[in-house]
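User: I have a model to go through with you. Let us take it in short questions.

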Amino acid sequence: MRQPAAFCGIVGYKPTYGRVSRNGLVAFASTLDQIGPMTTCVQDAALTMEVIGRNCPHDATCIDLPSENYLLHPTLKETTFGVPYSLLEQLEAEPKNNFLQAVDTMKTMWR
């Protein structure tokens with residue numbers, strides 16, 4: 001789901017198994033089948049998950065948890081990202097610099 005969406009320029013989100021009910025789904029491989037949103041932006045995917053990510057009493061595989069808030073806080077101050085600096089040493093100069101510029105951009109978003 002994520003890859004086909006990315007290839008088409010949209011957002012695909014694959015939820016944790018059991019987070020979204022499979023009730024009504026025509027199963028092709030029951031343990032692999034999964035429902036998740038494909039949307040034009042991340043915010044729409046988050047809002048869709050808040051609706052479809054609820055417990056369903058008609059699906060025994062659906063986990064019994066309340067709906068979650070999938071939207072990130074606008075300032076991102078409560079979010080933690082890990083940066084694999086040791087792996088960056090294996091990259092060539094241009095991709096490494098691009099990645100480090102992205103890290104710097106993200107750091108400015110936390111201020």
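User: Which elements each supply at least two residues of the lining of the largest pocket?
Analyst: This is a predicted model, where local features need pLDDT of at least 70, side-chain atom pairs count only at pLDDT 80 or more, and totals for chains, interfaces and linings use all residues. Residues are numbered from 1 along each chain as its sequence is written, and side-chain values use heavy atoms, with hydrogens and water left out. A pocket is an open set of points on a 1 Å grid over the protein atoms alone, where a 1.4 Å probe fits, with protein on both sides within 12 Å along at least five of seven lines; lining residues have an atom within 4 Å of a point. Two elements each reach at least two lining residues: strand 1 and helix 2.

User: How many residues does helix 2 give to the lining of the largest pocket?
Analyst: Helices are DSSP runs of H or I with at least four residues, strands are E runs of at least two, and both are numbered from the N terminus. Eleven residues line the pocket, and Val42, Ala45, Ala46, Tyr70 and Leu71 lie nearest its centre. Helix 2 gives the most, with five residues.

User: How do the residues of that lining divide into nonpolar, polar and charged?
Analyst: Ala, Val, Leu, Ile, Met, Phe, Trp, Tyr, Cys and Pro count as nonpolar, Asp, Glu, Lys and Arg as charged, and the others, Gly among them, as polar. The largest pocket holds about 220 Å³ of space. Its lining divides into nine nonpolar, two polar and no charged.

User: Is Pro37 buried or exposed?
Analyst: Pro37 sits in the loop between strand 1 and strand 2. Its C-alpha atom is 9.6 Å from that of Leu47, ten residues apart along the chain. With a relative accessible area of 6%, Pro37 is buried.

User: Is Gly9 buried or exposed?
Analyst: Gly9 lies in the loop between helix 1 (2-7) and strand 1. Gly9 and Cys41 are 32 residues apart in sequence and 9.6 Å apart in space, C-alpha to C-alpha. At a relative accessible area of 64%, Gly9 is exposed.

User: Which residues does Thr61 touch, not counting residues up to four places away in sequence?
Analyst: Thr61 is in the loop between helix 2 and helix 3 (85-88). It is partly exposed, at 30% relative accessibility. Its C-alpha atom is 7.5 Å from that of Ser21, 40 residues apart along the chain. With that exclusion, Thr61 touches Tyr17, Gly18 and Arg22.

User: Which residues line the largest cavity?
Analyst: A cavity is a set of points where the probe fits but cannot get out. Grid points are joined across faces, edges and corners, and a volume is the space filled by probe spheres set on the points. The structure has one cavity of 30 Å³ or more. The lining consists of Tyr17, Gly18, Val20, Arg22, Asp33, Gln34, Ile35 and Thr61.

Conventions. Buried < 20%, exposed > 50% of the residue type's maximum accessible area, 1.4 Å probe, protein only. Contact = heavy atoms within 4.5 Å.
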